[in-house]
Amino acid sequence: MDTKIDQKIIALAGGTGRLGSLIAEAVLAQPDTQLRLLVRPASRSKIAHLEAKGAQVVEGELGANAAESAAGALAAFTAGATTVVSAVQGGPDVIIDGQTALLRAARDAGVRRFIPSDYTLDLFKLPPGQILPSDWRRQFAETADAERGEAEVVSVLSGGFLDRGVLFDWLRLIDPDTQTAYLWGDGEATVEYTTYADTARYTAAAALDDTPIGRVLPVAGDRLDFHGLVAAFEKASGKRLRVEQLGSLTDLDDRIAELMARDPQNVFGYFPLMYNRGLLKGEATLPPLRNDRYPWIQPTTVEQYFGAEKL
Ligand SMILES: NC(=O)c1ccc[n+]([C@@H]2O[C@H](COP(=O)([O-])OP(=O)(O)OC[C@H]3O[C@@H](n4cnc5c(N)ncnc54)[C@H](OP(=O)(O)O)[C@@H]3O)[C@@H](O)[C@H]2O)c1
């Protein structure tokens, strides 16, 4: 692979994904930087535009389906890299096993920093079982802290994604069509929200940062409670929302337990409720924000986001 001397190499896994493609663009926008992507062969056509802009591609996969040649692919992917960034999505085989193999390859290649695919609430504060995908990420973090060698592992924590697909479709906190907001509990816990694009910008900045960052990088576009979210929607859209009370937070715990017991394989039945629980209980709010480490990033607030969406 052709890389100029003095260029930083940012090796990104998950660059075909929603967040990963934005991280890729943010890295490509930086001078003296080479972007390298780990891409599953069948997905390569998704990043043709990034290859056209100069991104290097290593074909490979993380996790249980990874081929015999996986170690070689990860060695080629991490060789000479400054930072390895993961923006993959998946089950424990990808998040724990796949990322562990990637971290080991990064460590063995002398990579300076590893950014795992976290980008969420403060998962380190969450009690076990509250949000299962956060449990996998915490399990990976424990392994990473033991196996990182000289590599700095930095979790970018940016709260809930400020995105209509997440808030309206996945979490169903608000249904703009029926002009209804759905609430469990009193809605008074504050929590952070950040757009995909701002999370990607902070991640690229962290990947290129020349000085140690620390174990977590908490950043966010806004911090408000459920009622603040509703108020921001109403102000930006000029439409009133009817708040439908679905039950208490104990009722929400019971509902999740019931869905898990009835059909544990159907994670899409209860994962969104688990994330709702994370947002509405307020147990995993971020530590003091460090937005000011990268002052050139002016993150979008909730009201600005809803305003731009023309709801
Ligand atoms: N805080 C929030 O509210 C929030 C909301 C959404 C997402 N997130 C987090 O953001 C991160 C990225 O999510 P996303 O929405 O961008 O996900 P996404 O669009 O589903 O993209 C997932 C990426 O992972 C890759 N991938 C999946 N399995 C892989 C494997 N075995 N080996 C290699 N690559 C694999 C996919 O590649 P292919 O193209 O080959 O499938 C794709 O590039 C995740 O950590 C997610 O939890 C946070």
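Biologist: Which residues come nearest to the ligand?

Modeller: In this predicted model, T16, G17, L19, S43 and F161 come nearest, out of 25 residues around the ligand.

Biologist: And what is the make-up of that shell by class?

Modeller: The shell around the ligand has 12 polar, 9 nonpolar and 4 charged residues.

Biologist: Which elements each supply at least two residues of the shell?

Modeller: They are α1 (18-28), α4 (92-108) and β8 (160-161). Helix α1 gives the most, with 3 residues.

Biologist: Turning to the sheets, what is the strand order in the sheet of 6 strands?

Modeller: The order is β3-β2-β1-β4-β5-β6; the sheet is open and its pairing is parallel.

Biologist: Which strands stand at the edges?

Modeller: Those are β3 (56-59) and β6 (152-153). Each has a single partner strand, so one side of each has no neighbour in the sheet.

Biologist: How many bridges join β1 to β2?

Modeller: Strand β1 (residues 8-13) is joined to β2 (residues 33-39) by 6 bridges, and the two run parallel.

Biologist: Is β2 mostly covered or mostly open?

Modeller: Mostly covered: 6 of the 7 residues in β2 are buried.

Biologist: How many residues does the largest nonpolar core have?

Modeller: That core has 89 residues, and those with the most contacts inside it are L12, I23, V27, L37 and V156.

Biologist: What does V156 touch?

Modeller: Not counting residues up to four places away in sequence, V156 touches I115, D118, Y119, T199, Y202, T203, A206, L217 and V219.

Biologist: There is also a sheet of 3 strands; what is its order?

Modeller: The order is β8-β11-β13, in an open sheet with mixed pairing. Strands β8 and β13 (222-224) stand at the edges with a single partner strand each, so one side of each is left without a neighbour in the sheet.

Biologist: How do β11 and β13 run relative to one another?

Modeller: They run antiparallel, with 3 bridges joining β11 (residues 191-194) to β13. One of the pairs links Y193 with D222 in β13.

Biologist: A change of topic: where is A87, and is this residue buried or exposed?

Modeller: A87 is in the loop between β4 and α4. It is buried, because 26 other C-beta atoms lie within 10 Å, and the cut-off for a buried residue is 20 or more.

Biologist: What does A87 touch?

Modeller: Leaving out residues up to four places away in sequence, A87 touches L12, A13, G14, G17, L19, G20, I23 and S117. G17 and L19 are also among the residues that come nearest to the ligand, while L12 and I23 are among those with the most contacts inside the largest nonpolar core.

Biologist: And where is L171?

Modeller: L171 is in the loop between α6 (164-170) and β9 (174-175). With 21 C-beta neighbours inside 10 Å, L171 counts as buried.

Biologist: What is L171 in contact with?

Modeller: Apart from neighbours within four places in sequence, L171 is in contact with V166, P272, Y275 and N276. The C-alpha atoms of L171 and L273 are separated by 7.0 Å, although these residues are 102 residues apart along the chain.

Biologist: What about N65: buried or exposed?

Modeller: N65 is exposed, with 11 other C-beta atoms within 10 Å. This residue is found in the loop between β3 and α3 (70-78).

Biologist: Which residues other than glycine have a positive phi?

Modeller: Among them are D32, whose phi is near 50 degrees, and K310, with a phi of about 50 degrees. Most residues other than glycine have a negative phi.

Biologist: Where are D32 and K310 placed?

Modeller: D32 is in the loop between α1 and β2, and K310 lies in the segment after α11 (302-308). D32 is exposed, with 9 other C-beta atoms within 10 Å; K310 counts as exposed, with 7 C-beta neighbours inside 10 Å.

Definitions and conventions:
Residues are numbered from 1 along each chain as its sequence is written. This is a predicted model: local features need pLDDT of at least 70, side-chain atom pairs count only at pLDDT 80 or more; totals for chains, interfaces and linings use all residues. A residue is near a molecule or strand if its C-beta atom, placed from the backbone, lies within 6 Å of it. Helices (H or I, at least four residues) and strands (E, at least two) are DSSP runs, numbered from the N terminus. Ala, Val, Leu, Ile, Met, Phe, Trp, Tyr, Cys and Pro count as nonpolar, Asp, Glu, Lys and Arg as charged, and the others, Gly among them, as polar. A nonpolar core is a set of buried Ala, Val, Leu, Ile, Met, Phe, Trp, Tyr and Cys residues joined through C-beta atoms within 7 Å. A residue is buried if 20 or more other C-beta atoms lie within 10 Å of its own, exposed if 12 or fewer, and partly exposed in between; C-beta atoms are placed from the backbone. Two residues are in contact if their C-beta atoms, placed from the backbone, lie within 7 Å. Two strands pair if DSSP finds at least two bridges between them.
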